[in-house]
Amino acid sequence: FATIFTRGRAETGVASLASFPYWQASRQLKSFLGSQPLMVNGRMTNLVMLGSLIFLHFGLYPEGMTYQIETLKMGEETRLKTSNLKWVILGAMLVGILVHLHTFMTMSYEWGFNTLAGGTTEGGYGVAISRAEWDEIATVANGRPAPPNWARNGYTIGAALFTLLLVAVRLRFPRSPFHPLGFVMTTSYGYAYWGPYFVAWLAKAIILRVGGVRLYHQLTPMFVGLVLGQIFALGVVWQIFAAFCGDEWKRLADPLSYF
């Protein structure tokens with residue numbers, strides 16, 4: 001997943017943390033198998049472990065490896081020694097984990113985790129997902145096993161076959177505008193991405209038509225600057241602004257919050 005997603009980010013230029021279907025790594029396993037094959041000798045161990053580890057495939061953890069691959073690639077291009085870079089990455093991860101753990105636990109004990117998670121005493125989206133997972137396990141434990149979900153499986157299989165069709169078309173017609181990455185990267189949040197995708201495609205087409213590959217390479221830093229500027233504005237400037245202006249302003253910085 002990390003390799004494919006990193007390739008997708010590199011080729012589409014999507015510097016985003018929300019370009020994959022949250023929760024599906026766990027859901028697909030239970031959708032295809034149902035609960036019975038996961039209950040070895042009738043025990044609930046596997047289902048409980050899947051439920052307790054929901055945060056690993058629901059949050060941003062599935063994308064964490066993409067940063068490591070991108071860092072190694074940048075080190076390779078700048079001719080840095082990979083073994084040294086590996087220890088830098090591991091050291092940065094360790095520092096980040098310790099700082100985050102201390103900050104998160106301190107704020108959770110002071111303000112309450114449910115309040116931090118969603119602004120209410122009932123918790124936010126993450127808490128709701130965890131409760132849904134445990135309710136599902138409780139239902140199975142009460143004697144109602146979950147069968148395979150063939151409606152969900154049908155969508156998964158259909159999307160896989162359609163992706164293969166786009167790959168075949170792309171191999172047969174290299175200039176085809178229908179790229180499989182476009183389908184994969186926008187299936188989850190296409191409603192928020194189609195506009196930037198279209199603008200980037202239009203700008204690229206115009207630049208190549210007017211100035212060719214030379215102008216395209218000359219303008220690359222400008223587009224990289226636009227991406228970095230957006231990340232800085234939303235990740236730093238807007239967070240400081242929203243901290244003093246109430247909750248309604250926080251939604252304005254997140255296009256996904258309107259859907």
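Reader: Is Asn41 buried or exposed?

Author: The terms rest on relative accessible area: buried is under 20%, exposed is over 50%, and partly exposed lies in between, computed with a 1.4 Å probe on protein chains only. Asn41 is exposed because its relative accessible area is 69%. The model is predicted, so local features need pLDDT of at least 70 and side-chain atom pairs count only at pLDDT 80 or more, while totals for chains, interfaces and linings use all residues. Residues are numbered from 1 along each chain as its sequence is written, and side-chain values use heavy atoms, with hydrogens and water left out.

Reader: Where does Asn41 lie, and what is its phi?

Author: Most residues other than glycine have a negative phi. Asn41, which is not a glycine, has a positive phi of about 55 degrees. Asn41 is placed in the loop between helix H2 (24-33) and helix H3 (45-52); helices here are DSSP runs of H or I with at least four residues, strands are runs of E with at least two, and both are numbered from the N terminus.

Reader: What is the phi of Arg79, and where is this residue placed?

Author: Arg79 is a residue other than glycine with a positive phi, near 65 degrees. The loop between H5 and H6 holds Arg79. Arg79 counts as exposed because its relative accessibility is 80%.

Reader: How should I read the packing of H5 and H6?

Author: Two packed helices are described by the angle between their axes and the distance between the axes. The axes are lines fitted to C-alpha atoms, for helices over the stretch in contact, and angles run from 0 to 180 degrees between N-to-C directions. Helix H5 (residues 64-77) and helix H6 (residues 82-111) have axes that come within 10 Å and cross at roughly 145 degrees.

Reader: Which residues make the contact, and how do they divide by class?

Author: Contact means heavy atoms within 4.5 Å. H5 contributes Gln68, Thr71, Leu72 and Gly75, and H6 contributes Thr82, Leu85, Ile89 and Met93. These residues comprise four nonpolar, four polar and no charged. Nonpolar covers Ala, Val, Leu, Ile, Met, Phe, Trp, Tyr, Cys and Pro; charged covers Asp, Glu, Lys and Arg; the others, Gly among them, are polar.

Reader: Which residues does Thr156 touch beyond its neighbours in sequence?

Author: Leaving aside neighbours within four places in sequence, Thr156 is in contact with Gln28 and Phe32. Thr156 and Phe32 are 124 residues apart in sequence and 9.9 Å apart in space, C-alpha to C-alpha. Thr156 belongs to helix H9 (residues 150-172), and it is partly exposed because its relative accessible area is 24%.

Reader: What does the chain look like as a whole?

Author: The secondary structure comes to 12 helices and zero strands. Of the 259 residues of the chain, 21% count as buried. Among contacts with a separation of 6 or more, 58% join residues 24 or more positions apart.

Reader: By class, which residues line the largest cavity?

Author: The lining of the largest cavity has four nonpolar, one polar and two charged residues.
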